[in-house]
Structure formats: C-alpha cells, structure tokens
Amino acid sequence: MTLYRLQKLLYELNRDRQVQEAFLTDLEHLLCEYQLSEEEAEAIRSDDVGKLYILGVNGQILMHFAAWRGYAWDAYIQAMKDALAEHGQVRGGIYAAVEGGEGGAV
Amino acid sequence: MSLVFAGIMSHGPGMTARAERADPAVREPFYAALERLREELERSKPDALIVIAAEHFANFFMNNMPAYAIGMADEYEGPIEDPEWLRIERRSIPGAADLSRRIVGKVMETVDVTYAEEWKFDHGIMVPLNFLTPRFDLPVIPANINCQGPPLTPLSRAYEFGRAIRAACDAAPERIALMGTGGISHWPATPNSGKINVEWDREFLRRWSANDRAALTCYSDAETLRDAGQGGFEIRTLTAVAGACEGSMGEVWFCEPIPIFATSGFAAVMDLNAEAEARAA
C-alpha cells in the first residue's frame, strides 16, 4: 500500500504546481500527508531516483519526476543502473530491469 | 463525413528532447516520414484530429483508472512535463467539445468509455502534435487507453474501441483525422532504455498493415512483456486504429530502431480510399 501512496505523491507532484510548491517549501509536511515508509521518505528527501526506481515507482512517473528535479538524461539512466547494482532487482510494479540492466542508450 | 485520414506513429519524448543525439542517418529519414504524415494530414483537410494515445499518468491514476477515456473540452494544455526537458513550449491546444460529446455518446453504445472535460497532454500527445500540427491549431480530441496500470484492457477490446470510434466518426458530418501513438517494443524509463526488439516491431507492423485482427489481438500480456517490454503494452493504441479502419490495409512508411528515442521511430498510414472504393462497389 505504501508504494501506491508513494506513486500517488509523485503523480500529483508531476502535474500539480501547488504540490510542487509544497514540496519545495514544506517537504516534511507533504511526506507526512502521504504516510510513506521511512525508506520511501528518505529516497524522496535525497532525490534518490535510483532508489525510487528499485522501490517500484512506475518508470513513467519517475521519469517526469527526475526531469523536474533536474536530472540530465544520462544521469537519470545511470542512477537506475547504479541502484540496480547496489540494491538488486525492482521490488514491485511492471518496470523491472531485464538482462541485469545492461545496454541502454547512454 | 467520417474518417479522412488514419495513421500511427511513435511518440517517445526523445524525439524532441534528445533529437541531436540520434544517428542522423536514421533520424533524418524518420523525420522526413513524419513530415510526409503532416502533409498527408493537411491534405485531408480535417476539422478535428482524434489522437488515441497511451498517457503516462498525466491525468489518470490507479485510484480511478479508466480503461478508455475521451476528452470532451474546448481547450487542453500541455505538456505536463518540464517544457525545457521536452523542448516543447507549454501552451493551450484547441479542442472540439461539441464533436467530442457526439463521439462519446456514440462510442458509449458499445464501449463504456470515460469522458473528461479536463485533460493535460503529456509527451504521448504533445510530441506527435509537434510534428503533425506544429502550429497546434487543429482542434484535437484526445483518447486514451490505459497501457500503464494493470490490469489492462484486452487487445480484442482495444480493436473494438477503434471500431466504436469509427462508427462515431461515420455518424458525424465533420471531416475527422485519426492518429494512434505509442511505442511498439521498448523498455522505456528503465536501465534498459534503448533496448528494442526490431523483429517484433516489424512483425507487429506487418500484422497492422494487413489489418489482421486475429493476429493483432492474439498477443498475451505475458508474451508482450517478455518480447516487447512494458512499453509494448502501448500496442493497444495502434490496434485501436486498425479497428477503426477494419477492411482497410496499411502502409508502413518508416520503421527503424532509434535507441536514444527508446523505441523504433515509425510512421504508417491506413489506405482509406481503397476501403471507400470497396464499399462503393
């Protein structure tokens, strides 16, 4: 259930400028509203796109979030590769890596 | 008047966001095929363009996910993404609420479609519009098939959705163009982004061009995920266009892998004239 709430936070963040403003001005309050696990909250606090990928955030939601947080394309892809090497396979959703995350246009 | 144009094309955000990184030997003929699509679309003199897309959580989420949705507004906005990232300026796009309402009403006779009077376009619509209607001045009716949040609608139903849209277009006096956008095989937004199953893409487009309903709708989701990645679920949008053009054959103008776009660049059209001539005969 927390993955659902984590994705909902990112979904609303991606499309709602008021939520973006709340993210920038009172992040802890926003995180509290969505009742995230500490692991999820810390991944958000630290802009850890790779960890969010491993936690199972839908790749399309995460791609928009990464762009908003200023990740350049190669850095975004590399963050997922690095997290895969560090944490292992994606834990939920349909965006699991294949072939050990090899390849990719970086 | 019904359909005056029907085609399909890829919509990867890299097509605008990372254009300069694609191999020019492939990129330029791909863009030329898109330019040809634009010219053909304009030649058909449409009053409105229905875009069947697979949105990426711009409007719909798992709290209330419609299998099928059609926009019903006079104005939309996009892109939802950072405009500097997508390299498409955020803007208002004209809609056609009255025509939408009639189409939705007709589609509802066979498909329980959701309607939406608010809709934010993401790259799935904005990238195609950027190439097809670069002035963003043609009224657009967005349609969506959920390809992101399983359970997903069966392919056979996506084909039927297309047939329902066609019936609705047949009942309208306006000249309507139809465009399906999505990827074929791809593993976007993963560490494998850029992986493409070229043979699978060509076989899918062969089936699409033949408008082989049975062959288009026989892929299981497990097979698609295995062979074409989670991005392959977007074939629903392309299959819907085939359904809208049942009885027509298609022609593939371009299909080549462009890894930095995370998908094959492709462009294809249905030959509606042949179908009309067959009907008349």
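A: Start with strand β9 (residues 250–258) of chain B. It is joined by 8 bridges to strand β10 (residues 263–270) of chain B, and the two run antiparallel. Strands here are DSSP runs of E of at least two residues, helices are runs of H or I of at least four, and both are numbered from the N terminus. Two strands pair if DSSP finds at least two bridges between them. B:E251 has B:V269 in β10(B) as its bridge partner. β9(B) and β10(B) form a hairpin, with 4 residues between them. In the turn, B:A262 has a positive phi of about 70°.

A word on the source. This is a predicted model, in which local features need pLDDT of at least 70 and side-chain atom pairs count only at pLDDT 80 or more, while totals for chains, interfaces and linings use all residues. Residues are numbered from 1 along each chain as its sequence is written, and chains are lettered from A and ligands numbered from 1 in the order in which they are written.

Now the whole sheet. It is open, with 8 strands in the order β6-β3-β7-β2-β8-β1-β10-β9 (chain B) and mixed pairing. β6 (114–116) and β9 of chain B stand at the edges; each has a single partner strand, so one side of each lacks a neighbour in the sheet. From one strand to the next, the twist averages 15°. Angles run from 0 to 180 degrees between N-to-C directions, and axes are lines fitted to C-alpha atoms, for helices over the stretch in contact.

Helix α5 (residues 123–132) of chain B lies across β1 (3–9), β2 (48–53), β7 (140–145) and β8 (176–181) of chain B. α5(B) runs at about 125° to β8(B).

Next, helix α10 (residues 235–244) of chain B. 10 of its 10 residues are buried, so α10(B) is largely enclosed by the rest of the structure. Buried means that 20 or more other C-beta atoms, placed from the backbone, lie within 10 Å of the residue's own; exposed means 12 or fewer, and partly exposed is in between.

The axes of helix α6 (residues 155–170) of chain B and α10(B) come within 6 Å and cross at roughly 45°. That makes α6(B) oblique to α10(B). Oblique covers the angles left after roughly parallel (under 35 degrees), roughly antiparallel (over 145) and roughly perpendicular (65 to 115). The contact includes B:Y159 and B:F161 of α6(B), and B:T239 and B:V241 of α10(B). Contact requires C-beta atoms, placed from the backbone, within 7 Å.

Last, the loops. Most residues other than glycine have a negative phi, and most peptide bonds are trans. The bond from B:G78 to B:P79 is cis, with omega near 0°; B:P79 is in the loop between β4 (75–78) and α3 (83–86) of chain B. The bond from B:P150 to B:P151 is also cis, with omega near 5°, and B:P151 lies in the loop between β7 and α6 of chain B. B:R87 is not a glycine, yet its phi is near 65°. B:R87 counts as partly exposed, with 17 C-beta neighbours inside 10 Å.

Key: Two residues are in contact if their C-beta atoms, placed from the backbone, lie within 7 Å.
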